[in-house]
Every structure is written in structure tokens, then in C-alpha cells.
Amino acid sequence: MGSLLENFVICLLPRTSPLHSIVCKEGCALSTGERINHQHYWVETQDEGDAKVEVSPRDIVYTQPAEPLEGEAPTILHKLDLRYGGISWSDDSLALVYESWYKTRRTRTWVISPGSNDVSPRILFDRSSEDVYSDPGSPMLRRTPAGTYVLAKVKKENDEGTYLLLNGNGATPEGNIPFLDLFDINTGNKERIWKSDKEKYYEGVVALMSDEKEGDLPMNTLKILTSKESKTENTQYYILSWPEKKACQITNFPHPYPQLASLQKEMVRYQRKDGVQLTATLYLPPGYDPSRDGPLPCLFWSYPGEFKSKDAAGQVRGSPNEFAGIGPTSALLWMARRYHCFSGPTIPIIGEGDEEANDRYVEQLVASAEAAVEEVIRRGVAHSKKIAVGGHSYGAFMTANLLAHAPHLFACGVARSGAYNRTLTPFGFQNEERTLWEATSTYVEMSPFMSANKIKKPILLIHGEEDNNPGTLTMQSDRFFNALKGHGALCRLVILPFESHGYAARESIMHAQDLQILKTKQWPLVEAVPQKCQILSMKELILCRGHCYEYIADLGC
């Protein structure tokens with residue numbers, strides 16, 4: 001048995017700190033610094049963990065040897081005016097320190113020299129975290145013999161510069177086009193050494209493969225692992241080698257669900273009535289022709305997000321060329337029963353300037369849903385009376401609110417593992433930082449529990465019996481169900497035994513999927529499916545370890 005050498009830091013939440021604060025008073029982020037062996041670093045807040053306190057600096061990063069000399073005081077490594085967000089180490093000459101402030105969405109990256117007091121820290125990037133178009137990418141890391149990760153520094157032949165590899169999503173108005181930049185840390189100059197094919201495929205940088213030796217990586221021996229996929233071709237992996245940039249395919253995975261291999265996918269753009277640009281992914285079943293088959297039942301599956309600006313809210317995220325991955329609880333499984341899926345329609349809740357986004361939550365939620373429903377009807381792929389709405393967690397909260405405040409849009413709803421009474425999360429929820437006592441009207445107006453008397457459309461509530469998410473305790477669904485039944489609503493509550501916030505057991509997943517399909521058939525969403533359409537048997541779906549492997553049987557109507 002080992003013995004305790006030192007109590008380095010004890011972090012306790014002070015009794016007097018506001019409960020909505022999530023940063024401990026004395027310190028956080030205790031770790032072993034990679035820059036020098038046997039070094040500790042940690043962060044201490046100067047605002048006592050309360051984001052509402054105005055103070056400069058807000059956080060201080062300290063470092064100290066693991067076995068300090070008697071009387072040796074910690075050294076200040078860096079001072080931050082925003083909230084500490086992490087450090088990427090390299091060596092004594094280079095480390096990157098991250099800080100951010102959610103309320104303003106500001107994020108900054110600092111360059112520091114941990115081993116030199118003569119070099120002043122400087123800002124490398126200063127930008128809005130929600131502006132994905134300006135994202136320069138993240139520095140790639142290499143693995144050390146100790147199993148830790150440090151910044152991967154690249155060495156060019158006959159060049160004394162210090163280079164990093166920036167791996168970015170490459171968000172553009174046409175969708176994501178991932179890239180890899182060679183970045184000069186001293187001058188800020190970039191050289192794009194690789195980017196994804198944007199015409200047919202979606203490619204991405206997965207990992208660095210030429211880091212088996214310590215020290216800087218020679219550019220002419222660089223190797224990276226990349227992925228490549230398309231709308232209909234599942235992900236395969238490649239080794240890309242310099243200087244030829246020759247790609248060698250190393251996997252040949254079969255299509256995981258060949259019966260849906262020819263599903264139709266399209267990235268859709270449309271506009272909300274206040275001018276905010278919205279996007280969604282429209283999935284149509286294999287062989288579907290709207291002119292021949294007419295409108296189909298539609299599943300609208302989404303999750304709202306908060307933004308500080310309309311421009312950022314309207315930016316395109318994702319790629320039209322990504323493979324349609326289908327997980328065990330995915331909404332895309334409904335295509336096996338000849339639905340089409342309007343997946344991930346953006347529902348931005350915007351609070352510009354000093355405005356709090358949630359003060360107009362219901363208004364913006366309904367406006368976004370109206371725009372989405374109008375789009376699928378305009379395209380002729382959805383029947384206006386056969387559109388279901390669904391979501392998980394905060395998406396379930398969205399579902400209940402839409403059935404309460406926009407009953408003209410949807411025939412029924414599926415709400416999984418949600419929270420419906422915001423007075424039960426009084427010290428904040430999702431990205432709401434105000435307490436119930438500071439924003440009482442907002443909490444009440446946003447709570448579908450308070451509007452249970454308005455919900456007349458059928459709703460299926462599903463929840464894990466042992467949900468460990470403090471914001472979505474199982475009693476939320478139980479109490480919401482009782483409120484709905486008390487007002488005569490058509491509803492059903494399903495509690496999945498032993499399940500947490502997400503569902504893992506095969507029995508739970510199959511039960512939940514069967515119920516979702518069954519209830520929307522019994523309710524007024526689906527009266528008939530075109531007889532020309534092929535239907536896959538959901539009961540023959542095999543789920544194993546969280547992956548959809550095979551559809552056994554195809555059944556004709």
C-alpha cells in the first residue's frame with residue numbers, strides 16, 4: 001500500500017456560493033504538467049466561483065514542482081479574464097491556454113512560454129465560439145511514451161519556423177469541408193496541405209499516425225488517418241502519406257443496412273418569418289417518388305439551440321455528403337416503416353445584445369417549427385395532417401411545448417427522457433443561467449407542464465427508470481403524465497427498467513422503437529401507406545452493442 005505524500009488541494013463548494021455556480025471556489029483542473037517532469041498545475045478562481053462577480057483576473061493558472069523545496073511558493077503561469085478552458089502542452093517554449101465566456105460566446109487562445117519569464121503571453125485567436133465559419137481548427141496532438149498527449153510540432157526542411165497542424169471542420173454556406181492547415185505559430189501564416197473533396201464525398205482527419213518517435217515531426221514523413229464517406233457509401237479509412245499525399249485504403253466495411261442503402265438524403269435550406277436562415281436534413285425512403293407515391297407520413301426530430309446573433313444561428317453546420325448513420329435509437333429507423341424523416345431542423349433561440357434568448361423561447365420555437373412544416377408540405381413529400389414531432393432530452397421538452405403551443409402543426413408527439421416542469425430545475429437548465437426567482441415568468445412560460453391543459457394531441461412519454469441526469473429526473477415524466485391524464489389527454493407513459501438518460505438494453509431499445517411506431521399508427525398520424533411502397537419489418541431489426549447491423553426481412557404491402 002502506498003502512503004499519502006501531500007494534500008495538494010481540497011476543493012469544496014462553499015455554503016455561501018450560489019448554487020448555479022459550477023466552478024469550485026478554491027481551485028480546479030489539478031493535473032500533471034507535461035512541459036517538465038514532476039510538475040503540477042492547477043487553476044484558482046478569483047471570483048469565488050460566481051460568474052456574476054466582476055473581477056480581473058478571473059482565473060489564475062499556477063504551477064509547482066511535485067516535490068517543492070521547503071518554503072517554495074507556486075509560480076503564476078498565466079492570468080485569465082475569462083473562464084479557464086484547458087491547456088495544450090508542448091515543451092518549455094510553447095503551450096496553448098484556452099479561455100471562454102459563455103454569456104458572450106467569446107473564446108480566446110493564448111500562446112505562452114512556460115519555461116521563460118521573458119516571453120510575454122500573446123493572443124493567438126480571439127473569436128466567437130458560435131461563428132463556425134471563422135473557426136481556424138484545433139491543433140493536433142501526438143502521443144508520448146508516457147501515454148499523454150502534447151502539441152504535434154512539425155518541422156519543415158531548411159526552415160527554422162515552429163509549425164502546428166490545425167484540423168478544422170471547414171464550415172461554409174455549402175456545408176462542412178474539413179481541412180488540415182500547416183500553421184506557423186510565430187507569424188500566423190497558414191498553408192492548406194489537405195482538404196476534403198466537396199463534390200461527392202465527405203472526408204475528415206481522424207488521427208496522426210507518424211508520432212511513434214519523440215520530437216518534432218518531419219513534414220516529408222507525415223502520415224495521417226483519414227475517413228471518407230458519401231450519402232450512400234459508408235465510412236472507410238485511409239492512411240495519407242507525405243510528400244506524395246498518397247492515400248492507402250485500410251478498411252472495407254460492408255454497408256451496415258443494405259436495405260436502406262438507396263435512401264434519399266438532401267440538405268434543405270429555408271427561412272423563418274423573421275429572416276433567420278434555417279437548415280435541416282430530409283431523408284426519404286428508398287424508391288420513393290413524390291409524384292407517384294404522394295405525400296408520406298413525416299417524423300420531425302430536432303433539438304433546439306441558443307445563439308447570440310441571427311447571423312451565427314443561420315450558419316450551415318454539417319455536410320450534405322455525410323453518410324446516413326443509423327444508431328439503435330435513431331429517428332431514421334422510421335424509414336423502415338415508410339415514413340420520411342425531417343432530421344435536425346435548426347431551431348435557434350436567439351437573444352441578441354442584452355436580451356435573454358429564453359424570454360422569447362415559445363415564440364421562436366413555434367416560428368421555427370412552422371417554417372419547417374411549411375417546407376416539407378411545399379415540397380409535396382409530407383401530408384399536413386400526418387406529421388409527428390419527437391425528440392430526446394431537451395428535444396422532448398421541445399416536443400411537449402410544440403404540442404401545447406402549435407397543435408395545428410403536428411398530429412402527435414414522442415418525447416423521450418425529457419423535463420417538463422422547469423420549477424423542478426430552479427437553479428438553471430440547459431444554457432439558462434438565471435434562477436427561477438430571477439426569471440419566474442420565463443420558467444413558467446417555458447414549462448409544458450404549466451400548459452398541460454392545452455395539449456390535445458396524443459403524446460408518448462418514454463423515460464429511463466434510473467435517469468442520472470439531474471435535469472431530467474424520471475419524476476418529470478411521471479408528473480407530466482399525471483397532469484395530462486388529469487386533463488383528459490391521450491397519452492402513454494413508458495418507464496424502461498434499469499435505464500439511465502440514454503437506453504442501452506436490447507429489450508429497452510426494441511420496446512421503445514416498437515411503441516413509437518405502434519402508437520403513431522394507432523393515433524391519427526398514419527391511416528394508410530401507399531400500397532406501391534415497400535415496408536421493412538421493424539420486428540426483424542437486430543440491435544447489438546448499440547449498432548444497427550441488419551434488416552432481416554423485406555415485406556411487400
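Entry 1, terms for the sheet. I take two strands as paired if DSSP finds at least two bridges between them, and I take helices (H or I, at least four residues) and strands (E, at least two) as DSSP runs numbered from the N terminus. The model is a predicted one, in which local features need pLDDT of at least 70 and side-chain atom pairs count only at pLDDT 80 or more, while totals for chains, interfaces and linings use all residues. Residues are numbered from 1 along each chain as its sequence is written, and side-chain values use heavy atoms, with hydrogens and water left out.

Entry 2, the sheet. I find an open sheet of four strands in the order S16-S18-S19-S20, with antiparallel pairing. Strand S16 (202-208) and S20 are at the edges and have a single partner strand each, so one side of each is left without a neighbour in the sheet. From one strand to the next the twist averages 35°, where axes are lines fitted to C-alpha atoms (for helices over the stretch in contact) and angles run from 0 to 180 degrees between N-to-C directions. Looking inside the sheet, I see strand S18 (residues 223-229) joined to strand S19 (residues 236-241) by six bridges, the two running antiparallel; Ser227 has Tyr237 in S19 as its bridge partner.

I pair rings of Phe, Tyr and Trp (its six-membered ring) if their centres lie within 6.5 Å, and call planes under 30 degrees apart stacked, over 60 edge-to-face and the rest tilted. By this rule I get 15 aromatic pairs. One of them, Tyr257 with Phe323, is stacked, at 6.0 Å centre to centre and 15° between the planes. This pair links distant parts of the chain, 66 residues apart: Tyr257 is in the loop between strand S20 (246-249) and strand S21 (264-271), and Phe323 in the loop between helix H2 (310-313) and strand S25 (340-343). Tyr257 is buried at a relative accessible area of 3% (buried means under 20%, exposed over 50%, partly exposed in between, with a 1.4 Å probe and protein chains only), and Phe323 is buried at 14%.

I also looked up Trp334 and Tyr339, an edge-to-face pair at 5.1 Å centre to centre with 80° between the planes; Trp334 is buried at 1% relative accessibility and Tyr339 at 2%. Tyr303, Tyr361, Tyr394 and Phe397 are linked into a cluster by ring pairs.

I count a charge as over a ring if NZ of Lys or CZ of Arg is within 6 Å of the ring centre and within 35 degrees of the ring normal. Arg105 has its charged end over the ring of Tyr102, 4.0 Å from the centre, and Lys228 lies over the face of Tyr201 at 4.3 Å from the ring centre.
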